[in-house]
Amino acid sequence: MSNTKAGATGAAEHKDEEQLALARQLNHVPWCEQYERMVSGMLYDSLVPELASARFRARAWCHRYNSYFPRPEESTEVNDFDSLAKLRMNWLRELLGGAKGDEIFIEPPFYVDYGCNIRLGERFYANFNLCILDCGLVTIGDRVMFGPNVSIYAATHETGVQSRRDNIEYAKPVVIGDDCWIGGNVVILPGITIGKGCTIAAGAVVSRNIPDWSVAMGQPAKVVKTVKPVE
């Protein structure tokens, strides 16, 4: 958890050295002053050229990932499920900040803001229509499964109007621990940590941290029971 002091609006007032250290371990990062402010949870300008170019590249990547599928009659190297999964894994490495292992599979369509701020653990699976607004760092552990239509919102705005008129925004990191199952149509809000071994029921809106080995449901999501921890 970050120790960076937050102002009255919820945005941080100073750079977060913990988040910056994590960002330095990622790939494809558009490093600049506004990027540092963004991942630190400070108010920042998303329209600077470095960030705008990074979002453009991410959208181009999403278009390719979401629209490509080999024709059955074509004689190519991609002619079955396994070869398609391998191709998509290679493409994911071109976009994501980190991808552990070779057993990551994300069903298209898949949408991101940057991609570089996402780090996935081993054996990650996401069903159709995953959306991650990764303006803050999004870290997902090993053996995590997502149902369809999961949305992770690390991006946010002030409730005061003036900063939105000025195109200023901020972000907060999202962390999901190992061995979690996130059900379909779950929304995870900025700044949330979901502990290891958790199940989040379909349709939940996660607006507060969820402790390890919990089952949570509802809007807002509340813990309804715990499960037996495993090593």
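Here is a short chat about how to read this predicted model.

Reader: Let's start simple. How many helices and strands does the chain have?

Author: Keep in mind that this is a predicted model. Its secondary structure comes to 5 helices and 20 strands.

Reader: What does the radius of gyration say about the overall build?

Author: The idea is to set the chain's value beside the one for a compact globule. A globule of 231 residues would come out near 17 Å, and the chain has 18 Å, so the two agree. Along the principal axes, the C-alpha atoms fill a box of roughly 60 × 45 × 30 Å.

Reader: And what share of the residues count as buried?

Author: The figure is 48% of the 231 residues. As for the surface, the chain exposes about 11,700 Å², with 53% of that supplied by carbon and sulfur atoms.

Reader: Now the inside. Which residues touch the most other members of the largest nonpolar core?

Author: A core like this is a set of buried nonpolar residues joined through their side chains. The largest one here has 45 residues, and those touching the most other members are Ile 106, Phe 124, Phe 146, Ile 152, Ile 176, Ile 188 and Ile 194. Several elements supply at least two residues each, including α3 (49–67), β4 (110–112) and β13 (174–176). The largest share, 6 residues, comes from α4.

Reader: Where else is there a core?

Author: Another core, of 17 residues, lies apart from the largest one; Ala 54, Cys 116, Cys 135 and Ala 155 are among its members.

Reader: Can we try a residue in a strand? Is Val 138 buried or exposed?

Author: Buried means under 20% relative accessible area, so Val 138, at 1%, counts as buried. Val 138 is found in strand β8. Leaving out residues up to four places away in sequence, Val 138 touches Asn 117, Ile 118, Arg 119, Ile 132, Ile 152, Ala 154 and Val 174. Val 138 and Arg 119 are 19 residues apart in sequence, yet their C-alpha atoms are 6.4 Å apart in space.

Reader: And a helix residue: is Gln 19 buried or exposed?

Author: Gln 19 lies in helix α1 and counts as buried, with 6% relative accessibility. Beyond its neighbours within four places in sequence, Gln 19 is in contact with Val 39, Leu 137 and Pro 173.

Reader: What about loops? Where does Trp 31 lie?

Author: Trp 31 lies in the loop between α1 (17–23) and α2 (33–39). Its relative accessible area is 33%, so Trp 31 is partly exposed.

Reader: One more loop, please. Which residues is Asp 179 in contact with, leaving aside neighbours within four places in sequence?

Author: Those are Asp 142, Arg 143, Val 144, Gly 197 and Cys 198. Asp 179 has its place between β13 and β14 (181–182), and at 32% relative accessibility Asp 179 counts as partly exposed.

Key: Residues are numbered from 1 along each chain as its sequence is written. This is a predicted model: local features need pLDDT of at least 70, side-chain atom pairs count only at pLDDT 80 or more; totals for chains, interfaces and linings use all residues. Side-chain values use heavy atoms; hydrogens and water are left out. Helices (H or I, at least four residues) and strands (E, at least two) are DSSP runs, numbered from the N terminus. The radius of gyration is taken over C-alpha atoms; the globule rule is 2.2 Å times the number of residues to the power 0.38. Buried means under 20% relative accessible area, exposed over 50%, partly exposed in between (1.4 Å probe, protein chains only). Accessible areas come from the Shrake-Rupley method with a 1.4 Å probe; for residues, only the protein chains shown count as cover. A nonpolar core is a set of buried Ala, Val, Leu, Ile, Met, Phe, Trp, Tyr and Cys residues joined through side-chain atoms within 4.5 Å. Contact means heavy atoms within 4.5 Å.
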